[in-house]
Amino acid sequence: MYFKSIVLGKSLAWLVLAAGYFLASSAVAQLRIEISEGTEQAVPIAVVPFAWTGSGAAPFDVSAVVAADLQRSGRFSPIPTRDMLQQPSTAREIDLDDWRILGVEKIVIGQLIPAGADEYTIQFQVFDVFRGEQLLGYRQPSSRLGLRRASHRVADMIYEELTGIEGVFSTRIAYITVAGAAGNQTHRLIVADADGENARVLVSSGQPLLSPAWSPDGRRLAYVSFENQNSEIFIQDLRSGARQRVSARPGINSAPAWSPDGRRLALVRSGGDGNLDVYTLELATQVLTRLTRRGSIDTEPAWSADGKRILFTSDRSGSPQIYAIAADGSGRPKRLSFEGNYNARPRVSPTAEQIAVVHNDRGNYRIAAIDLGRGFTQVLTDGVLDESPSFAPNGETLIYATRQGNRGVLATVSADGRIRQRLSSLDGDVREPAWSPQRRN
Amino acid sequence: MKRIESVAIALVLVVLAGCGGQSGTAQQDDPDLFGEYGGGEQGGADTTGASDDEFREGSAFGDGAPMGGPGAAADNRIIYFEFDQSDVDSDYADVLRAHGSYLAANAGARLRLEGHADERGSREYNLGLGERRAQAVKQVLLLQGASAGQLSTVSYGEERPASIGSDESTWGLNRRVELVYQR
């Protein structure tokens with residue numbers, strides 16, 4: 001029921017079975033994707049409605065999910081179903097001329113086939129319209145409840161086949177919502193599918209929640225809660241809801257970040273003088289290692305992809321800038337950001353020599369990418385109060401928090417800044433998105 | 001110049017941390033952890049800009065309500081700060097002297113200093129800024145006669161705004177330290 005892999009000191013052994021209380025999977029305001037800009041170079045593609053070969057109504061619209069995923073990537077432009085001159089579901093039925101005349105470059109066809117009680121097979125094929133060749137063909141089994149996820153998996157496979165880049169449609173996002181008037185707000189930690197569907201509340205509190213961080217296996221979230229009138233770090237198992245309090249010393253306990261091997265948390269604590277420093281905590285042994293010792297604010301640690309370095313924000317130079325230090329605390333911190341007077345909250349690209357930061361761009365707080373190889377800073381977003389960048393596991397896209405009017409909403413931007421989208425919600429402030437790792441099973 | 005001040009404050013803090021010991025606010029062993037969910041804040045932590053306005057109407061300066069201690073007007077239990085600054089403005093000298101005197105005269109009194117930041121910039125960094133502000137107020141109170149054991153600090157960063165909005169006046173109301181006497 002609870003985590004057996006993590007053994008804690010007695011005073012911190014908070015193994016609590018709180019599943020019933022916290023895993024309220026009641027209806028939550030869904031996020032809705034709005035394509036904002038950057039789709040003009042998208043590849044025209046036809047995702048033909050999949051044929052349902054069973055009796056009665058189809059149990060799920062697989063092709064609608066696949067088309068929405070491909071559209072959301074910004075790299076594809078699925079044509080509307082009503083423009084299709086035919087709706088083939090087998091290779092034999094395809095008339096390539098009908099698609100060439102529409103300027104469609106790729107076509108996806110498929111069938112949803114019953115395979116026993118509440119069991120199905122999604123069979124699909126992808127064709128290059130101009131060469132008339134099959135690019136991909138696959139049969140994906142699924143239970144009834146798994147059809148949405150299986151559909152995202154189909155979209156992942158198509159995306160990877162056509163772009164050479166791993167798809168992230170099967171991933172999830174964690175985020176914080178805040179509703180209510182100042183002084184009487186409800187804070188929620190929510191996990192949803194990457195397209196905003198299936199949102200469920202993990203934690204609900206009258207006190208602030210912040211800084212959700214995914215474990216590398218995608219099964220746990222670390223986060224900060226003020227429920228005991230002080231910032232404390234918790235780790236919660238997504239399936240069981242069991243959680244542990246892993247850092248709750250007097251003063252600040254905050255900014256958790258998992259090491260790539262999942263064994264350690266980088267975190268921030270304040271000393272008796274209230275000064276913030278970066279530490280690592282080995283979860284199995286509770287061994288705490290202090291990495292910074294300055295009288296500056298040192299916070300927001302992030303691990304390099306190889307786990308050897310920890311990047312962090314420090315105002316030791318007089319304004320917040322990004323530094324890196326060896327994860328074992330040896331050596332001196334090296335400054336990585338040099339453009340502008342405010343660079344904070346680094347996140348490391350999983351695939352490139354690039355970090356994303358919150359950057360003050362002429363008075364506006366925006367997400368910027370710093371190319372560590374060439375040393376230049378590129379501003380990726382155009383908001384006023386953008387913050388909390390988080391990379392998709394394929395490194396192609398960042399999700400971040402921005403403002404729409406007076407409300408906090410989430411948005412995504414491609415790592416090159418060209419494709420931007422907004423995820424609106426119906427009510428409350430949405431903030432601090434964290435993109436999950438790739439699902440491995 | 002600001003750096004030099006900060007370093008000086010930090011040095012004072014290191015010395016004081018050594019003799020002050022731990023404050024009594026840790027609740028690590030509270031078994032009723034989950035009972036806290038959805039519960040309200042204790043004391044006056046939910047002070048908002050609205051109640052601030054109410055007090056402005058009625059409290060004559062130096063007359064009636066005391067300037068320091070738990071009976072002080074709401075105006076005199078909030079210290080505001082400049083953008084990205086943690087220096088306590090000299091305008092607050094009288095108010096903090098009054099609180100310091102109250103604490104010195106009432107050894108059993110406990111004061112929680114709640115530091116806050118405005119919404120600009122990153123959240124975790126703002127948590128650091130709020131803590132730095134709470135510590136700056138703590139230092140002044142220690143110089144005014146309070147003892148370290150009477151004072152605790154917490155930072156909420158930008159997570160508990162007193163006022164919601166994205167303009168200079170709102171930001172100014174949110175960059176603050178609230179003095180919350182514990183019952």
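**Ground rules.** I number residues from 1 along each chain as its sequence is written, and chains are lettered from A and ligands numbered from 1 in the order in which they are written. As the model is predicted, local features need pLDDT of at least 70 and side-chain atom pairs count only at pLDDT 80 or more, while totals for chains, interfaces and linings use all residues.

**Overall shape.** I looked up the secondary structure of chain A and found 4 helices and 31 strands; helices (H or I, at least four residues) and strands (E, at least two) are DSSP runs, numbered from the N terminus. The C-alpha atoms of chain A fill a box of roughly 75 × 50 × 40 Å along the principal axes. Buried residues make up 49% of the 441 residues. I call a residue buried if 20 or more other C-beta atoms, placed from the backbone, lie within 10 Å of its own, exposed if 12 or fewer, and partly exposed in between.

**Domains.** The domain assignment, which is automatic or from a database, gives domain 1 (10-26 + 173-435) and domain 2 (38-163) of chain A. Their centres, taken over C-alpha atoms, are separated by 36 Å. The contact takes 7 residues from domain 1 and 6 residues from domain 2; two residues are in contact if their C-beta atoms, placed from the backbone, lie within 7 Å.

**Helix α4.** I then went to R149(A), which sits in helix α4 (residues 147-163) of chain A. R149(A) is partly exposed because 17 other C-beta atoms lie within 10 Å. From R149(A) to T171(A), 22 residues apart along the chain, the C-alpha atoms are separated by 9.4 Å.

Strand β9 (residues 186-193) and strand β10 (residues 200-205) of chain A run antiparallel and are joined by 5 bridges; two strands pair if DSSP finds at least two bridges between them. H187(A) in this pairing stands opposite S205(A) in β10(A). The hairpin of β9(A) and β10(A) has 6 residues between its strands, and G196(A) in the turn has a positive phi of about 90°.

**An open sheet.** My last stop was an open sheet of 4 strands in chain A, in the order β11-β12-β13-β14 with antiparallel pairing. Its edge strands, each pairing on one side only, are β11 (209-214) and β14 (243-247) of chain A. Between β11(A) and strand β12 (residues 220-225) of chain A I noted 4 bridges in the antiparallel sense. L210(A) stands opposite V224(A) in β12(A).
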